[in-house]
Each structure stands twice: as structure tokens, then as C-alpha cells.
Amino acid sequence: MDRKAVSFLALGLLAGSLLTTAALLPSIRSARTGGASGRIVLKLGHVLPPSHAVHIAMEFMATRLSELSAGTVELQVFGGGQLGSEPENIEQAQRGALAMVKTSAAALEGFVPDMAVFGLPYLFRDEEHYWKVLLGDVGEEILRAGDPQGVHGLCYYDSGSRSFYTLTKPILRPEDVREMKLRVLPSRTARDMITLLGGGPTPIPYGELYTALQQGMIDGAENNPPSFYTSRHYEVARHYSLDEHTRVPDVVIFSTRIWEGLTPQVQSWIRQAADESVAFQRKLWREQTEDALREVEKAGVTIYHPDQAAFAAAMAPMYETFEGTRVGELARRVREVR
Amino acid sequence: MSVTRGAALAWHGIVRGLEIFTSSLFVALVVVVLWGVVSRYWPGIVPSDWTEELAVYLLVWVSLLGSALTYRSRGHLGVDYFVSHFDPAAQRLTVILVELCVLLFAGFALCYGGYRLVTDTLGSGQLTPVLQWKVGYFYSAVPLSGLFISAFSIEHLLEPAGPPATGAAPAA
């Protein structure tokens, strides 16, 4: 054979195999969605480490779901940001590429504006009030607010209360925040809170925070005790001031597109498994919080209990900026819950 | 004759405009990142929190528009080892087939898929956390890039001398 014939033969084979693949695509797709004997596989993405109470609770949810459905519904949990960051996961859920996402309510703010209410400091009187709201009408209404955005809220998880931790100087009074560069969550309300106290809110991705603290690029950050402990930030930030300024819950959301394609029976199994995992997670969270505080103290971190009323008074003007808005109205109703 | 000449001039102007626009976005990217660093370390300045967010989206725009421009100058990577051993007539056919594949991808994935991405995101009203800008507008880089890649692909196919052999492509 001459060169010309061989060339065209090779080209023809290549083009032919490409066309065949393209022609077979629809059948591959239908095999995947149809599934053998109607078995349903749901994927859940989140960014926390597997030792975290939230991850363990979602593994519990997966086990319960499998038991309730006699193995016909499988929930696969992908932690540690394997499927992307929180906003990326939420976008995937909106488009039906991912069934479930566990996200902080702060990251949901950009999608569901109502979530901003949780970013308000000292919104809840105490833990009892917090859970009464989350499990009550107002909490339910905020979960439902995601439905038009393509994310169906399933349940809240405890994420404790956030407090400041600093490198050199402890924060004992609101004035101490002045001139300090503090890392905050990527949310509008979190930023405004630090600005109000005269500090410099510095957005740093969570994964880079340890190095930033170590190099003294910022003066401190804020988080709940288990995260302060598991992230090992306590190795560099030696002052933990339990001012408990915000309680931003974690939220488990379901892709509305996928949710609507499920039978009512499957939906009720998912609901039940989610509700059962909430009680489990709350208990686990309380234990992990106590453990974390004990461990960081053992590691030589000084824990302070500043006067929370002073912080609440200094941050109160934040409520005025929301007056007359939907978030302001929600905040008022939250506070009315007895 | 004058009509085609006018169209060619207009097309040339559009491409030049795209080049200038993409370069200025790159300049903006450098300035924004520099300011982000300076504001973090300079005493007395409140650290800028919007720089990182803007830098991410600027990088997306520079990459997608830059990739279209690179496609025009045939600067993208390709495995041409086997094709370079082909007979010249088969080489020309390969180039046409490759252009058609790119056209299909740019039209379906980037233009149509990108259009869906933009309308869905605008519809959901998603806002960026710091700047509070609509994320959907940022995403419009995808269909825009797809539009230009399709146009450049058609331009390649219409080239009067016929598409040059792959081996002759300038390594940009």
C-alpha cells in the first residue's frame, strides 16, 4: 500500500471510532440514569474533615437511609472538599449535578439572601433559644426560602458559636478589635461586624489560614471550638476569647431538580433519616466542643470569658442597617421566639 | 469587492478590540493582586477584601478570551506526530475535521451550554459574597469565548489558500 492509502485508512478509522462513540452516548446515558432495578444513588458534598461531628452525622444519615429503604437508596458522602468548595457544590446542586450539599449558612447567603440573618451577632439568647428557632416556624421558613433558587433545605446542624482567637493580644473588650486584622467568613454580614468594631476584616481561604496566622499576616481569626482544635490553629493562636458573637448553623440542602424526581416514599425516608441525624449530631457536637476546649487548654492556650453584653452593645448598630428589610424582619421574629 | 473589503476591515477591528480588551483585563488583574498584597501589609490601610474575589473572575475572563485568541493564532497544544507522517492530502482533510470538531464543541458546549449557565445563574440571582455583583454576568465569559472560537474556526476553514498543514503551525 502506498502512503496515501495508509494515511486515509488511519484517518478513516479515527473518524469512524469518534462517530461510533458519539452515537453510543445516548445509550450510555440512559443506562446510568435508569439504573438496574431502580436503585438510587445520591451524592453529598461538603468541605469538613472526616473526624468532624457533621461528617459522622451524615454517615449516620446514610446508614439510616439505607436501613429505611432496605438498601434501595444509597447516600455517598464526599468530605474534605473533594467535590469542590461550598459555593461550587451549591451551584452543582442547583443544576442537578449533585444531589446534596452540607454548607455553612454563611456560604448560602449569596444564593438565599434570608440566610444572612444568621450572620447577625447575638441574635440568639442562648443555645436553647437557638434550637427553638431552628426547629420552629422561622427556621422552617428560612429553609424553604431556598426552593425558588433550586436548593431544597433539609435540616440544620449545630455549628456552635464562633469566638475570636488571636496571636499576641487577647480580645477582652470590643475596643480591643480596633486596628486588628481578623480573618472572617466570606459573607457580607461577617465583614460588616468587624468593620463596625474598627478592625480590618481580611478574607483568607480556610486552607491558607494556618500559614497566614503563623507568618503573622493577620492578628487572629474566629471560629467555634471544634474547628479551632481540628484545624490546629491553636498551635499558633494562643488566646481564645469566648465572646460567642455568632451562631451560624450548618445547613443540609437537596437539589430541587433531583428532589422533584423522587417518589414521595423516598422523600419521606430522606426526611426521616435527616431528622434523626440532627439529634445525633447535636449530641456529638456538644461532646466535641467540650473535648476541644479541654484539649486546647491542655496545649497551653489561654481561654478567656469576656463580658458578652459589652460586645452585644457594640455590635447592636448592625441591626439598624437591616431595619425595614426582609432580614431585619426575620431577625425581629427570631428574637420574639420564647 | 468593496463590501467584502469592508467586512474584512470590520472583522479585523473586532479581533484587534478583543486583543486590547483581553490585555487590559490582564493589566487590571496584575494591579488588583498587587493592591491586595500592599493593602494587607501596609500599616494603617484596611486590608482590601474584594481583591481576591475580583482576581478570580479576572483570571477566568483572561483565560477564556485568551484561549480564543490563541486558537486564532493556532497556538494551542496538539499531538501532530502521526498527522505529520500523513500524505499531504490526508493532512488537509485532518485539519478540516479538527476544525469541525472544535466548531461543534465551541457551538454546543461553550455557546449553548454557556448561555444556559448564564441564564440559570442570573435567574437564581446569585451574588458574589463581597462585591455583591451578579455571578451570572461574570459567567458570560463562557458563551463569549465560545462565540469567538466558533468565528475563528470558520475563519480558518475559509482561509483562501486552504488550511495549512498542521506541522507548519507557528508555535506561539
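## A tour of chains A and B

Start by selecting B:D120 and A:R257, which form a salt bridge whose closest N and O atoms are 3.5 Å apart. This is a predicted model.

**The side of chain A that touches chain B**

Keep chain A in view and colour four of its elements: helix 1 (3–34), helix 3 (86–94), helix 7 (188–196) and strand 7 (200–203), each of which supplies at least two residues to the side that touches chain B. Helix 1 of chain A gives the most to this side, with 8 residues. Sorted by type, the residues of the side of chain A that touches chain B are 12 nonpolar, 6 polar and 8 charged.

**The whole interface**

Now show both chains together. How many residues does the contact take from chain A and from chain B? Chain A puts in 26 residues and chain B 33 residues. The size of an interface is often given as the accessible area lost when the parts come together. Here chain A and chain B bury about 2400 Å² between them, and 54% of that is on carbon and sulfur atoms. Across the interface, 8 residue pairs are in polar contact, with both residues at pLDDT 80 or more.

**A nonpolar patch on the surface**

Next select A:F8, B:L93, B:I96, B:L97 and B:L100. These residues form a nonpolar patch on the surface, and together they have about 360 Å² of accessible area. Which helix gives the largest share of the patch? Helix 3 (residues 88–124) of chain B does, with 4 residues. B:I96 is found in this helix 3 of chain B.

**A salt bridge within chain A**

Over all chains, the structure holds 25 salt bridges. For one of them, select A:R64 and A:E276, whose closest N and O atoms are 2.4 Å apart. This pair links distant parts of the chain: A:R64 lies in helix 2 (residues 53–68) of chain A and A:E276 in helix 11 (residues 264–298) of chain A, 212 residues apart.

**A glycine in chain B**

Finish at B:G66, in helix 2 (residues 51–72) of chain B. Leaving aside residues up to four places away in sequence, B:G66 touches B:T22 and B:W61. Draw a distance from B:G66 to B:T22: their C-alpha atoms are separated by 6.6 Å, while the two residues are 44 residues apart along the chain.

Key
Residues numbered from 1 in each chain as written. Chains lettered and ligands numbered in written order. Predicted model: local features only at pLDDT ≥ 70, side-chain atom pairs only at ≥ 80, totals over all residues. Heavy atoms only, no water. Contact = heavy atoms within 4.5 Å. Buried area = accessible area lost by both parts, 1.4 Å probe. Salt bridge = Lys/Arg side-chain N within 4 Å of Asp/Glu carboxyl O. Polar contact = N/O pair within 3.5 Å; in protein donor to acceptor, adjacent residues only side chain to side chain. Nonpolar A, V, L, I, M, F, W, Y, C, P; charged D, E, K, R; others polar. Patch = residues over 30% accessible without salt bridge, like charges linked within 9 Å, V, L, I, M, F, W, Y side chains within 5 Å. Areas by Shrake-Rupley, 256 points an atom, 1.4 Å probe, with all protein chains shown as cover.
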